[in-house]
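Please read them with the structure open.

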There are 2 protein chains.
Amino acid sequence: MNKKCFGVDLGGTTTKIGLFQLDGTLIEKHEIPTNKEENGIYILDNIEAFINNVIVKNSLDIKDIIGVGIGVPGAVTDDGVVNKCINLGWDVTDVEDIMKKKTNFKIKVGNDANMAALGEYWKGGAAEFSSIALVTIGTGIGGGIIMNGRPINGFNGAAGEIGHIPIVYDETETCNCGKKGCLEQVASASGIVRVAKKFLIATDKPSTLRGAEEISAKLVFDEAKNGDIVAFEVVEYITKYLGLALANVAGIIDPECFVIGGGVSAAGQYLVDLIAANYKKYVFHPCKDTKIVLARLGNDAGMYGAAKLVIDSSKDS
Amino acid sequence: MNKKCFGVDLGGTTTKIGLFQLDGTLIEKHEIPTNKEENGIYILDNIEAFINNVIVKNSLDIKDIIGVGIGVPGAVTDDGVVNKCINLGWDVTDVEDIMKKKTNFKIKVGNDANMAALGEYWKGGAAEFSSIALVTIGTGIGGGIIMNGRPINGFNGAAGEIGHIPIVYDETETCNCGKKGCLEQVASASGIVRVAKKFLIATDKPSTLRGAEEISAKLVFDEAKNGDIVAFEVVEYITKYLGLALANVAGIIDPECFVIGGGVSAAGQYLVDLIAANYKKYVFHPCKDTKIVLARLGNDAGMYGAAKLVIDSSKDS
């Protein structure tokens with residue numbers, strides 16, 4: 001029972017590397033800067049070197065390492081090829097193949113949001129549920145879907161991209177993705193700030209937000225909780241669209257549970273309750289009691305999910 | 001290589017029973033009326049008797065029958081329990097268990113729309129694709145999703161219920177399901193007729209639809225193809241919402257292919273092209289080239305899918 005694995009969450013700024021027991025116990029975790037110089041050609045070498053370092057320092061037996069799971073911030077196909085990753089400077093990159101040749105370990109690669117979903121499904125907020133959709137509300141909105149214990153990647157690696165479903169029909173501004181009306185435009189941290197500024201211009205109601213040096217999503221939620229009318233209108237508006245989006249997801253895949261993560265989820269049960277109220281309004285009736293819970297693993301979720309991905313794959317083979 | 005199976009598509013009016021070779025060759029098919037008397041207590045007995053009849057008439061060896069797959073018009077959980085079926089008069093019914101005890105064959109049960117999707121995936125319009133979403137546009141709108149070769153049932157058996165995703169925000173009338181704004185309210189056969197009548201009242205433009213004895217979805221498409229302006233506006237309106245719905249599905253599960261079936265799909269490539277044009281407008285860019293094809297198996301799709309379900313399950317065990 002000395003078997004172990006590594007779970008790696010490769011991010012645009014830092015890379016998290018965790019050494020896990022196969023039951024999900026995190027033995028140790030580390031964070032190294034992601035070196036994006038020269039189109040990210042050093043990234044995989046750095047991960048390899050760091051893993052070897054952990055192995056030597058802990059006097060681990062190579063035979064006990066069942067493999068390395070890696071989450072990357074880009075679309076990943078079912079066979080572990082990263083379909084471009086602008087964030088890291090990568091073109092199409094066969095990460096599984098490259099890392100396998102470097103390390104001789106079994107390598108499994110997944111999209112970072114899908115890995116976060118798998119992590120929450122395994123050891124986080126959704127550990128007791130059989131199928132989940134994770135929605136991470138941060139700077140953008142991402143998501144991941146776990147059905148039958150596995151992440152759904154999608155044919156183009158775009159499954160779970162809940163932030164870019166077309167949902168705001170009267171949107172006049174353009175999303176980063178080039179379209180208009182994406183969920184991310186109103187309900188991400190930056191979207192919430194954008195909506196708040198629009199609402200403040202459109203009304204002359206008093207609001208504590210007007211005096212703020214800088215409006216943040218956190219401030220909007222804090223002031224809404226404190227009874228500020230305009231802040232509450234903003235929160236009502238954005239949770240209406242989150243409820244609609246979850247109702248869409250339910251009508252398509254009907255998960256047992258929704259998990260809300262990302263920085264904005266710090267607004268806690270208050271946010272969940274408002275999303276749930278709107279969800280119930282819009283969803284097809286068989287799904288009206290679907291659970292909505294908060295994520296629990298924070299920034300470690302992706303690392304956990306990556307570890308789980310390689311553990312599951314070693315069971316298959 | 002004498003192995004065979006039965007695929008049964010249990011409908012509200014008739015039940016289709018097909019005898020299949022395991023490679024998908026349909027040996028013979030039959031249709032019997034569905035006897036819904038006394039809350040449908042005779043339905044499963046009738047299917048059993050008919051199957052036995054086919055076995056005897058063909059002098060089949062019982063040992064060569066690997067099982068019976070059954071599609072039912074209701075929500076089905078992963079373990080084959082039908083979660084009520086108002087259409088048949090059934091309360092919660094463990095069809096797998098009941099039929100197994102009656103017949104001694106391996107029994108697998110699925111939702112009829114999911115079975116149609118599995119049929120089209122196996123031997124129909126989507127036979128060359130790895131993952132699909134089927135949308136059946138008939139009296140209502142149904143759907144089924146196949147990922148990794150298997151139907152997604154959903155926790156409440158409601159996955160693929162694309163007809164009831166909330167999509168028309170300014171809808172004033174109520175859907176059969178009790179909500180307002182479901183896709184089915186505008187884009188099903190009856191929805192198309194409803195929209196056409198509303199459009200005719202709202203405009204004084206001339207239209208051949210005004211003289212029609214009865215407006216049908218077929219007539220609307222025929223007249224739109226013939227250049228009738230109001231009919232074309234109706235078609236534009238409903239294909240906009242179909243495009244939006246498919247864009248939603250793509251952002252959530254990113255299938256390789258969409259399959260359009262049901263009676264309204266008789267409008268053919270004309271319908272597909274209009275849906276595709278709208279889909280491209282609204283979808284997240286990595287999914288913009290997702291194929292949209294017509295279903296090919298017509299009313300036999302569910303029978304094929306039910307056969308495939310039991311074939312796959314016999315491979316697992």
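Predicted model: local features only at pLDDT ≥ 70, side-chain atom pairs only at ≥ 80, totals over all residues.

1. B:C5 itself belongs to strand β1 of chain B, which covers residues 4–10.

2. Burial of B:C5. Is B:C5 buried or exposed? The relative accessible area of B:C5 is 0%. Since buried means under 20% relative accessible area, B:C5 is therefore buried. For a sense of distance, B:G144 is 139 residues from B:C5 in sequence, and their C-alpha atoms are 22 Å apart.

3. How many disulfides does a search of the whole structure find? The search, over all chains, returns zero. A:C287 is accordingly in no disulfide, and the nearest cysteine sulfur to it, that of B:C177, is 11 Å away. The cut-off for a disulfide is a pair of cysteine sulfur atoms within 2.5 Å. A:C287 has a relative accessible area of 1%, so this residue counts as buried.

4. Domains of chain A. The domain assignment divides chain A into domain 1, residues 4–112, and domain 2, residues 125–296. Taken over C-alpha atoms, the centres of domain 1 and domain 2 of chain A are separated by 30 Å.

5. Helices α2 and α3 of chain A. Helix α2 of chain A (residues 43–57) packs on helix α3 of chain A (residues 95–103) at about 40 degrees, and their axes are 11 Å apart. This angle makes α2(A) oblique to α3(A). The contact involves A:L44, A:D45, A:I47 and A:E48 from α2(A), and A:V95, A:I98, A:M99, A:K102 and A:T103 from α3(A). The crossing of α2(A) and α3(A) is right-handed.

6. Helices α6 and α7 of chain A. Here α6 (residues 189–202) and α7 (residues 217–225) of chain A pack at an angle of about 60 degrees, with 8 Å between their axes. α6(A) is thus oblique to α7(A). On the α6(A) side the contact is made by A:A189, A:I192, A:V193 and A:A196, and on the α7(A) side by A:A217, A:V220 and A:F221.

7. Helices α7 and α8 of chain B. In chain B, α7 (residues 217–225) and α8 (residues 229–253) pack at about 115 degrees, with their axes 8 Å apart. Why do α7(B) and α8(B) count as roughly perpendicular? Angles of 65 to 115 degrees fall in that class, so α7(B) and α8(B) are roughly perpendicular to each other. Their crossing is left-handed. B:V220, B:F221, B:E223 and B:A224 of α7(B) meet B:A231, B:F232, B:V234, B:V235 and B:I238 of α8(B).

8. Position of B:D170. B:D170 sits in the loop of chain B between β10 (150–151) and α5 (183–187). The relative accessibility of B:D170 is 60%, and the residue counts as exposed. B:D170 is 39 residues from B:L209 in sequence, and the two are 25 Å apart in space, C-alpha to C-alpha.

Key:
Residues numbered from 1 in each chain as written. Chains lettered and ligands numbered in written order. Heavy atoms only, no water. Domains from an automatic or database assignment. Buried < 20%, exposed > 50% of the residue type's maximum accessible area, 1.4 Å probe, protein only. Axes fitted to C-alpha atoms, helices over the stretch in contact; angles between N-to-C directions. Helix = DSSP H or I, 4+ residues; strand = E, 2+ residues; numbered from the N terminus. Parallel < 35°, antiparallel > 145°, perpendicular 65-115°, else oblique. Left-handed = near helix turned anticlockwise from the far one by under 90°. Contact = heavy atoms within 4.5 Å.
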